[in-house]
Amino acid sequence: MATLLCRLAASRCLTVSLRESHRRTAHVINQDGARLVGRGGGRPLTAPPAASSRGQSSQAAVEVDLKRLEGEDQGIVEVMMCRHKARNALGHVFVSQMRELVSSLSSDSAVRVVIFRSLVPGVFCAGADLKERALMNNTESDLFVHSLRSLMTQIASLPTPTIAAMDGAALGGGLELALACDLRTAAYSAQMGLIETTRGLLPGAGGSQRLPRMVGITLAKELIFTGRRLGGQTALEIGLVNRAVEQNQTGDAAYREALSLARDILPQAPIAVRMAKEAMSRGIEVDISSAMAIERMCYAQVIPTRDRQEGMAAFIEKRPPRYTGE
């Protein structure tokens with residue numbers, strides 16, 4: 001127990017840089033250090049030439065972009081997947097850019113909620129880039145899947161709530177990305193599934209572990225053994241997604257539902273929300289006695305905050321609280 005408490009105290013259960021100055025610029029860096037994405041509006045910057053390890057291109061395109069919402073939505077950040085030709089397949093450049101972007105968000109105190117969405121019509125993420133994978137030997141394939149697993153863990157470890165908005169297909173690694181998020185919304189028409197067994201594989205980026213924790217072991221085994229695909233309505237019924245909606249004419253109904261959900265989270269006390277996520281995410285992995293100790297440690301982090309004092313004052317004065325994340 002002592003080891004657990006020490007490890008937790010050294011983890012992000014300590015307030016995760018919430019008193020840092022707010023950063024207004026985020027960026028993505030490719031493997032050669034080229035700056036690709038910047039500024040809150042999500043517009044790609046011109047990238048300097050980057051050497052390609054496979055000689056495919058002299059310049060890496062932006063495959064993952066970032067947008068910071070403003071006004072009343074300030075604090076909501078959108079991670080936008082935009083690898084159009086390959087349907088957001090998880091290739092080397094895509095994974096590298098996503099990794100650097102997620103890393104930049106992990107210590108950004110201005111971020112309250114993160115939405116993962118696709119700018120490619122009809123698809124969230126098509127999963128592995130099989131064309132790239134076909135060029136890899138066994139060792140390279142193993143290392144790349146390890147990097148995918150690491151990316152999903154990195155997403156799951158973000159201190160703020162994360163929402164995956166599935167307006168289209170989320171297959172294999174695409175669904176694993178969504179499973180790494182805290183919450184999921186989907187259009188009824190979206191197709192999702194861990195289909196790796198139909199390709200001679202098994203889910204290797206966390207899906208074989210996260211899906212059973214989400215829908216139960218017996219149902220997860222059925223879905224993975226058969227490689228079955230589900231629509232948004234069925235996914236809602238089994239608890240795979242939090243909300244499912246009819247698709248709209250612009251093809252972004254799940255995103256709009258995710259934005260509505262993010263807006264429900266946004267007014268709440270930032271430190272309290274982060275510590276609640278920490279308590280649940282860590283507590284679910286251990287026995288109930290250890291989980292109670294984790295809850296106590298996380299609760300201790302919110303007691304001295306100004307936000308707690310503000311919450312109490314607002315209740316007594318019968319007014320909406322004004323939280324600052326301090």
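Me: Which residue is the bridge partner of I163 in β9?
Reply: In this predicted model, I163 has L183 as its bridge partner in β9.

Me: And how many bridges join β7 to β9?
Reply: There are four bridges between β7, which covers residues 162-166, and β9, which covers residues 183-187, and the two strands run parallel.

Me: What's the strand order of the open sheet?
Reply: The order is β3-β4-β5-β7-β9-β12, six strands in an open sheet with mixed pairing. At the edges stand β3 (64-68) and β12 (243-245), and each has a single partner strand, so one side of each is left without a neighbour in the sheet. On average, neighbouring strands of this sheet are turned by 20 degrees against each other, with direction ignored.

Me: Which strands does α9 touch?
Reply: Helix α9 (residues 253-265) packs on the sheet and touches β4 (76-81), β5 (113-118), β7, β9 and β12, while its direction makes about 150 degrees with that of β9.

Me: Switching to helices: at what angle do α2 and α4 pack?
Reply: Helix α2 (residues 92-106) and helix α4 (residues 138-156) pack at about 30 degrees, their axes being 10 Å apart. Angles under 35 degrees count as roughly parallel, so α2 is roughly parallel to α4. Their crossing is left-handed.

Me: Which residues make that contact?
Reply: From α2 they are H92, V95, M98, R99, V102 and S103, and from α4 they are F144, S147, L148, S150, L151, Q154 and I155. By type, the residues of this contact between α2 and α4 divide into seven nonpolar, five polar and one charged.

Definitions and conventions. Residues are numbered from 1 along each chain as its sequence is written. This is a predicted model: local features need pLDDT of at least 70, side-chain atom pairs count only at pLDDT 80 or more; totals for chains, interfaces and linings use all residues. Side-chain values use heavy atoms; hydrogens and water are left out. Two strands pair if DSSP finds at least two bridges between them. Axes are lines fitted to C-alpha atoms, for helices over the stretch in contact, and angles run from 0 to 180 degrees between N-to-C directions. Contact means heavy atoms within 4.5 Å. Angles under 35 degrees count as roughly parallel, over 145 as roughly antiparallel, 65 to 115 as roughly perpendicular and the rest as oblique. A crossing is left-handed if the near helix is turned anticlockwise from the far one by less than a right angle, and right-handed if clockwise. Ala, Val, Leu, Ile, Met, Phe, Trp, Tyr, Cys and Pro count as nonpolar, Asp, Glu, Lys and Arg as charged, and the others, Gly among them, as polar.
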